[in-house]
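Below are some notes for a colleague opening this model for the first time. Please read them with the structure on screen.

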Amino acid sequence: MKQSKLWKHVAALLYDIFPILGIFLITSLFLVLLRGGDEVQPGTIWLQLLLLIEVYLYFTYSWLKGGQTLGMRAWKLGIQNHHTMTWAQGTARFLVGLLSTALLGAGLWARRFDVAGLTWMDRVCQRPVISLETE
């Protein structure tokens, strides 16, 4: 098992912004069509919850089914033993990831001080992100 580099985690997350934006655009188009051309007012709680659920499903489903998001795939990262990960572990990983992001990546940076070199997300689901690059 080769440990992944911290900058690759950040790069993968930035890469994942693009498919998420695509999902948001499709959702917005669908909602405008469904509402007969009327837009949803900015700050509407149900829309924000819908978009959060979409982000949750994007990450969690990707981790559970393939061990990688599109960003992780691009940077050759994967979750070790993802095939045994449960939805509860994926959900915990996502929620801790949200907290880490809200704290300016504290969960990723904590890896530098962790004895085993794990992020908060790795610890909570007991599956580290590893490099899939061949030497």
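1. E133 is partly exposed, at 34% relative accessibility; the class covers values between buried, under 20% relative accessible area, and exposed, over 50%, with a 1.4 Å probe and protein chains only. Its side chain meets that of K8 in a salt bridge, with N to O at 2.2 Å. A salt bridge here is a side-chain nitrogen of Lys or Arg within 4 Å of a carboxyl oxygen of Asp or Glu. E133 belongs to the segment after strand 2 (129-131) and K8 to helix 1 (residues 6-34), so the pair ties together parts that are 125 residues apart in sequence. K8 counts as buried, at 8% relative accessibility.

2. On the source: this is a predicted model, in which local features need pLDDT of at least 70 and side-chain atom pairs count only at pLDDT 80 or more, while totals for chains, interfaces and linings use all residues. Residues are numbered from 1 along each chain as its sequence is written, and side-chain values use heavy atoms, with hydrogens and water left out.

3. How many salt bridges does the rule give? The count is three. Side chains of opposite charge can pair when their charged atoms come close. One of the bridges joins D122 and R93, whose closest N and O atoms are 3.0 Å apart. D122 sits in helix 6 (residues 120-125) and R93 in helix 4, so parts 29 residues apart in sequence are tied together. Both D122 and R93 are buried.

4. D114 and R123 form another salt bridge, with 2.8 Å between the closest N and O atoms. D114 counts as buried at 19% relative accessibility, whereas R123 is partly exposed at 44%.

5. The protein chain has six helices and two strands, in the order α-α-α-β-α-α-α-β from the N terminus. Helices (H or I, at least four residues) and strands (E, at least two) are DSSP runs, numbered from the N terminus. Along the principal axes, the C-alpha atoms fill a box of roughly 55 × 30 × 25 Å. Of the 135 residues in the protein chain, 42% are buried.

6. The largest nonpolar core has 15 residues, and F59, W63, M72, I79, M85 and F94 have the most contacts inside it. Such a core is a set of buried Ala, Val, Leu, Ile, Met, Phe, Trp, Tyr and Cys residues joined through side-chain atoms within 4.5 Å. Helix 1, helix 2 (45-66) and strand 1 each supply at least two residues of this core, and helix 2 gives the most, with six. In soluble globular proteins, nonpolar side chains tend to be buried together.

7. Which residues does F59 touch, leaving aside neighbours within four places in sequence? F59 is in contact (heavy atoms within 4.5 Å) with L13, D16, I20, T69 and F94. Among contacts in the protein chain between residues at least 6 apart in sequence, 65% join residues at least 24 apart.

8. N81, in the loop between strand 1 (77-79) and helix 4 (87-102), has a positive phi near 55 degrees although N81 is not glycine. N81 is partly exposed, with a relative accessible area of 43%. L104, in the loop between helix 4 and helix 5 (106-109), also has a positive phi, near 60 degrees. L104 counts as exposed, at 75% relative accessibility.
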